[in-house]
Amino acid sequence: MTLHSELKATVPAGRPNDKRTDTSHANLSDDARRVAEELRTNTISRKVLDGSVRLMDATCAMGSGYLAYILTSGNSLPDPMTAGALVAAPIMAIVLFQIADLYQTTLMRRSGEQLLRLGVAWALVFAGLIALSLLLVPAEAIPSSFLSNWFLYGVGALLVARLILNRLVRKWMTEGRLNRRAVLIGGGNAAAELIAELERQAFNDIDICGIFDDRGNDRSPPSVAGYPKLGTVADLVEFARIAHIDMLLVTIPLRAEKRILQLMSTLWVLPVDIRLSAHTDKLQFRKRASSFVGTVPFVDVAQKPITDWDTIIKRVFDLLFAALALALLSPVMLITALAIRLDSPGPVLFRQKRYGFNNELIEVLKFRSMYHEKTDANAAKLVTRNDSRVTRVGRFIRKTSIDELPQLFNVLGGSLSLVGPRPHALAARADNELYEQVVDGYFARHKVKPGVTGWAQIKGWRGETDTQEKIQKRVEHDIYYIENWSVWLDLYILLRTPFSLFNTENAY
């Protein structure tokens with residue numbers, strides 16, 4: 001039973017329960033909150049799984065060959081002929097495994113058929129190796145003892161790896177973590193037709209997690225095809241802050257452009273794919289990209305930023321450069337900690353709650369720059385020039401941004417990225433108004449992890465954001481970064497950051 005089947009079975013059809021006991025998510029019904037809690041775990045990208053399995057197979061193929069060579073010859077450095085075979089075998093294995101459909105998720109969960117195909121494909125790899133060696137260098141054939149040992153070791157390694165993979169894939173598929181989680185917006189006949197179309201497809205990887213619709217039960221039934229209506233579109237924003245959702249499927253007709261625009265103005269802040277169902281309409285928005293979920297056509301309106309392998313690449317980038325920065329800057333951090341302790345009583349570090357990815361609350365570390373009894377955990381009052389709350393050491397470390405260095409530990413912990421929109425304090429204001437009241441779509445900057453530095457900071461929008469123009473410009477730069485992210489952009493921002501610190505006009 002997949003996750004969405006379990007949800008259909010556990011969430012009663014009919015009008016959602018309106019009793020609300022969780023004050024942190026007071027707008028959600030009990031049913032919606034229960035479903036959201038079930039979906040807190042992250043899904044696993046099939047692209048990442050596919051690439052990881054290919055890497056695993058290549059490692060088994062090359063590693064077993066190198067082990068066989070050492071045990072057969074007693075040498076650790078392969079001769080050119082063997083080295084060529086060690087390179088060719090993984091390539092041939094991946095190609096033949098692809099032909100044998102061994103990278104199909106549905107096959108990974110069937111142990112018997114998977115292992116049989118694996119054995120045949122692995123035998124063909126060695127047939128190919130022997131043929132290549134005879135054709136290219138007939139006078140220097142690869143020793144049969146080495147090949148036989150390699151074949152046996154390789155079979156053993158691949159079988160063990162694939163059996164472990166089989167157990168994991170079966171577990172993940174049962175939990176629904178290998179499927180894409182979708183929420184339907186709009187109920188009625190359009191939603192029923194879309195659900196029927198998706199469920200009719202044999203290899204559908206979409207889990208429908210519920211329906212949200214602003215219309216009352218008289219126009220939009222409380223349940224469609226067994227899936228409950230969990231609330232309104234406004235409730236969906238809060239729902240998606242808890243649940244890990246991959247996409248929103250809008251079943252509203254494409255011709256209802258005004259209503260769709262109203263929906264987008266609310267939903268585009270979420271870090272999810274947003275697609276308009278076009279299975280009952282002719283595509284009218286020709287300038288937009290179109291895509292298919294199985295055989296169902298959709299119009300793509302918003303894409304989830306930094307997905308699949310990009311997520312892993314960015315995480316590796318963060319870990320590598322954060323560890324390097326800590327190693328290089330540790331003397332500066334130790335001297336700063338000592339100076340803070342000597343300058344004023346109180347802890348060296350200041351911990352502050354801020355908004356993180358998908359509007360989640362995170363705890364950010366900083367060197368304490370204010371007198372302990374005057375610290376402002378919510379940043380209800382921004383620091384201004386010659387602020388009496390700031391210590392002597394605090395003025396220096398704030399101007400040079402040394403106070404931000406402990407956030408490298410946040411990066412290692414995963415709550416921050418090295419590069420991204422800067423996290424803002426909960427009560428931060430511009431012209432005495434909360435940031436989200438000043439800037440439309442403010443929370444769209446939370447579609448990625450916040451960063452220690454960012455595009456806005458190297459472009460001069462660092463420091464105090466006391467006016468509406470300053471926070472508007474910072475958010476504009478943050479959105480630009482999100483929409484244009486690449487590893488090279490992260491590296492560029494990282495290299496430019498030290499030079500941007502010379503601009504201390506707004507830093508105090």
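Buried here means under 20% relative accessible area, exposed means over 50%, and partly exposed is in between, using a 1.4 Å probe and protein chains only. Before I go on, this is a predicted model, where local features need pLDDT of at least 70, side-chain atom pairs count only at pLDDT 80 or more, and totals for chains, interfaces and linings use all residues. Residues are numbered from 1 along each chain as its sequence is written, and side-chain values use heavy atoms, with hydrogens and water left out.

So who is Glu404's partner? Glu404 and Lys366 form a salt bridge, at 3.8 Å from N to O. By salt bridge I mean a side-chain nitrogen of Lys or Arg within 4 Å of a carboxyl oxygen of Asp or Glu. Lys366 sits in strand 10 (residues 361–367), while Glu404 is in the loop between helix 12 (392–399) and helix 13 (407–413), so this pair links distant parts of the chain, 38 residues apart. Helices and strands here are DSSP runs, numbered from the N terminus: H or I with at least four residues for helices, E with at least two for strands. Lys366 counts as buried too, at 10% relative accessibility.

On to another pair. Asp205 and Arg180 meet in a salt bridge at 2.9 Å, N to O. Asp205 is in the loop between helix 8 (188–200) and strand 2 (206–212) and Arg180 is in strand 1, so the pair ties together parts 25 residues apart in sequence. Asp205 is buried at 14% relative accessibility, whereas Arg180 is partly exposed at 26%.

Now look at Arg181, which is also in strand 1 (residues 180–185). Arg181 is buried yet has no salt bridge, and the nearest side chain of opposite charge, Asp246, is 5.5 Å away. For charge, Lys and Arg count as positive, Asp and Glu as negative, and His and the chain ends are not counted. What does lie 3.0 Å from a polar atom of the Arg181 side chain? That would be the backbone oxygen of Leu39.

Lys473 is partly exposed at 30%, and so is Glu476 at 40%. There's also a network, where salt bridges that share partners join Asp101, Arg110, Glu113 and Arg117. The total count is 24 salt bridges.

Next, the nonpolar side. In soluble globular proteins, nonpolar side chains tend to be buried together. The largest nonpolar core here has 73 residues, and Phe239, Ile245, Leu248 and Leu267 have the most contacts inside it. A core is a set of buried Ala, Val, Leu, Ile, Met, Phe, Trp, Tyr and Cys residues joined through side-chain atoms within 4.5 Å. A second, separate core of 37 residues includes Ile44, Val53, Tyr69 and Ala121.

Then there's Met264, in helix 10 (residues 257–267) and buried at 12%. Leaving aside neighbours within four places in sequence, Met264 is in contact, meaning heavy atoms within 4.5 Å, with Val250, Ile274, Leu276 and Val301.

Last, confidence. Mean pLDDT, the predictor's confidence in each residue from 0 to 100, is 83 for the protein, and 85% of its residues reach 70 or more. Over residues 9–26, though, the pLDDT is below 50.

Definitions and conventions: A polar contact is a pair of N or O atoms within 3.5 Å; within protein, one must be able to donate a hydrogen and the other to accept it, and residues adjacent in sequence count only if both atoms are side-chain atoms.
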